[in-house]
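These are my notebook entries on a single model.

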Amino acid sequence: MATDHKLLHVHPPQLTFVFEPNKQSSCLLHLSNNASHHVAFKVKTTSPKKYCVRPTLGIVNPHGTCHFTVTMQAQRTAPPDFNCKDKFLLQTAVVPSGTTQDQISSHMFLKDNGSRVQETKLRVEKRLEAAAEDMEDEADKDNVPRCVEKVGDMNGVNDVVKLTLAKDSEGLNSRLSAVDAKLREAEETIMKLIAEKQKNTREKELLKQELEMLKKKIKMRRAQGGFPFLFVCVVSLVSMAVGYYIHP
């Protein structure tokens with residue numbers, strides 16, 4: 001069947017995994033539906049324990065796209081000469097509009113059920129991580145001159161940035177010095193207030209002590225003073241006069 005009549009077009013047409021010991025590797029494949037009908041798909045593999053496919057089945061709407069990911073589980077050693085015998089099969093079938101993913105079954109992909117069914121084999125390719133890095137290095141070589149030019153252009157920008165940073169640093173240092181001066185002034189003011197408070201407290205205590213001494217002196221004088229001498233004399237004379245009057 002010609003490529004133009006495929007129910008779903010697969011890109012890339014093969015699965016490529018970069019092998020690195022004890023690490024997983026994934027490959028993303030895109031499906032496109034260029035027709036006006038709904039197409040169901042299902043992915044199968046000869047090594048289900050070695051690969052994980054998500055999703056394994058689905059439906060692509062008319063003129064729509066979909067994708068699935070195949071992950072190769074971590075392996076300790078690479079296959080001899082990288083001769084990979086693993087195989088994948090993409091099954092596709094035209095389904096009625098409104099069909100859901102839960103309704104997809106293996107019966108839909110049988111060629112003798114009267115539906116339009118196709119199968120596409122997907123080849124698997126594995127390559128070493130070192131080989132992949134070499135390809136990236138070759139690609140980077142073409143960009144070296146441009147990178148050098150960009151680095152040269154950045155020298156002027158770096159000078160401007162350095163000048164700006166220097167000015168910002170000077171401004172920041174100036175502001176920090178001003179803040180330090182204000183803090184020292186505030187500390188001196190606080191110390192003066194504390195000293196004045198302590199002085200006022202001592203003066204209050206002295207005043208209290210002096211007042212207590214004054215009160216004690218006043219009490220002692222009152223207790224020691226008794227009756228005035230003149231009053232005693234007057235009382236004595238009156239007593240004598242009264243006694244003489246009573247007893248002539």
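**Cysteines**

I looked up Cys-52 and found it partly exposed, because its relative accessibility is 24% (buried means under 20% relative accessible area, exposed over 50%, partly exposed in between, with a 1.4 Å probe and protein chains only). Cys-27 counts as buried, because its relative accessibility is 8%. I then searched for disulfides, taken as pairs of cysteine sulfur atoms within 2.5 Å, and the count is zero.

**Basis**

I note that this is a predicted model, in which local features need pLDDT of at least 70 and side-chain atom pairs count only at pLDDT 80 or more, while totals for chains, interfaces and linings use all residues. Residues are numbered from 1 along each chain as its sequence is written, and side-chain values use heavy atoms, leaving out hydrogens and water.

**Fold**

I recorded three helices and nine strands in the protein chain (DSSP runs: helices H or I of at least four residues, strands E of at least two, numbered from the N terminus). Their order along the sequence is β-β-β-β-β-β-β-β-β-α-α-α. Of the chain's 248 residues, 21% count as buried.

**Surface**

I found that the protein chain exposes about 19,100 Å², with carbon and sulfur atoms supplying 58% of it (Shrake-Rupley method, 1.4 Å probe; for residues, only the protein chains shown count as cover). I also located Ile-194 in helix H2, residues 144-225. Ile-194 counts as partly exposed, because its relative accessibility is 38%.
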